[in-house]
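Let's take a walk through this structure together. Have a look around first, and then we'll start with a side chain.

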Amino acid sequence: MKIICIGRNYASHIAELKNERPSDPVIFLKPDSAILLKQHPFVIPEFSNDIHHEIELIVKINKVGKYIDAKFAHKYYDEISVGIDFTARDLQNELKAKGLPWEKAKAFDGSAVIGEFLPKSQFNSLENITFELTNNNQTVQKGNANQMMWKIDELISYVSQYFTLKIGDIVFTGTPAGVAAVKPEDVLEGFLEGNKLFSIQIK
């Protein structure tokens with residue numbers, strides 16, 4: 001399986017990092033080795049002094065698809081959750097300054113937290129669904145799918161023009177404002193409409 005990530009999908013996050021607003025979704029990939037194993041802490045890697053949390057809505061692909069029309073994209077997933085795209089911000093900034101790819105800063109081992117999945121049928125509308133991240137019981141990021149520049153179905157359609165989507169693939173849909181560095185002993189918890197779907201300790 002592969003993890004397909006979308007960057008710069010919330011205007012608030014674009015503004016906080018002073019990035020350019022894209023005309024199309026920004027796509028990058030994480031390998032399956034990026035998944036943080038269940039019940040394991042996130043260990044800050046020695047190559048970075050500035051690891052940031054980025055909470056995101058995520059969906060799991062349930063059928064193979066290519067060149068998917070946006071109006072049919074909802075048929076390609078039936079579960080939703082939240083996850084963290086851990087980012088080595090210092091390394092990312094160095095790579096961006098040199099015009100190089102971000103993978104070393106985004107796709108390292110353990111950089112993808114995947115929460116417990118819930119049936120999407122549990123929610124009235126996936127275009128108006130709230131999620132948040134707490135750090136030591138304090139809310140640090142909060143977003144709603146209605147703030148997305150490109151909605152989930154639009155993203156699936158767009159991504160499928162370039163990559164065949166396969167069963168088990170996971171799509172990270174972008175992070176809202178509030179990204180910040182983590183430190184040892186932090187406890188990060190992710191919520192979707194009040195449902196706690198992961199709890200991660202930082203080491």
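Let's begin at Glu79, which is partly exposed, with a relative accessible area of 26%. Here, buried means under 20% relative accessible area, exposed means over 50%, and partly exposed is in between, using a 1.4 Å probe and protein chains only. Before going on, a word on what you're looking at: this is a predicted model, where local features need pLDDT of at least 70 and side-chain atom pairs count only at pLDDT 80 or more, while totals for chains, interfaces and linings use all residues. Residues are numbered from 1 along each chain as its sequence is written, and side-chain values use heavy atoms, with hydrogens and water left out.

Back to Glu79, then. Lys60 forms a salt bridge with Glu79, and the closest N and O atoms are 3.7 Å apart. Lys60 sits in strand β4 (residues 55-61) and Glu79 in strand β5 (residues 77-85), so the pair ties together parts that are 19 residues apart in sequence. Lys60 also counts as partly exposed, at 27% relative accessibility. A salt bridge here is a side-chain nitrogen of Lys or Arg within 4 Å of a carboxyl oxygen of Asp or Glu. As for strands and helices, they're DSSP runs numbered from the N terminus: helices are H or I with at least four residues, and strands are E with at least two.

How many salt bridges does a search of the whole structure find? It turns up eight. One of them joins Lys106 to Asp85, with the closest N and O atoms 2.7 Å apart. Lys106 belongs to helix α3 (residues 103-106) and Asp85 to strand β5, so this pair ties together parts 21 residues apart in sequence. Are Lys106 and Asp85 buried or exposed? Both are buried. These two also take part in a network of salt bridges that links Lys30, Glu54, Asp85, Arg89 and Lys106.

Another salt bridge pairs Lys2 with Asp169, whose closest N and O atoms are 2.6 Å apart. This pair links distant parts of the chain, 167 residues apart: Lys2 is in the segment before β1 (3-7), and Asp169 is in the loop between α4 (152-159) and β11 (170-172). Asp169 counts as buried, at 1% relative accessibility.

Now for the sheets, where two strands pair if DSSP finds at least two bridges between them. Strand β3 (residues 51-53) is joined to β6 by two bridges, and Ile51 stands opposite Ala88 in β6.

The other open sheet to visit has four strands, in the order β10-β9-β13-β14, and its pairing is antiparallel too. Here the edges are β10 (138-144) and β14 (195-201), each with a single partner strand, so one side of each is left without a neighbour in the sheet. Strand β9 (residues 130-135) pairs with β10 over six bridges in the antiparallel sense. Follow them and you'll find Thr130 partnered with Asn144 in β10, and Phe131 with Gly143. The hairpin of β9 and β10 has two residues between the strands, and Asn136 in this hairpin takes a positive phi near 55°.
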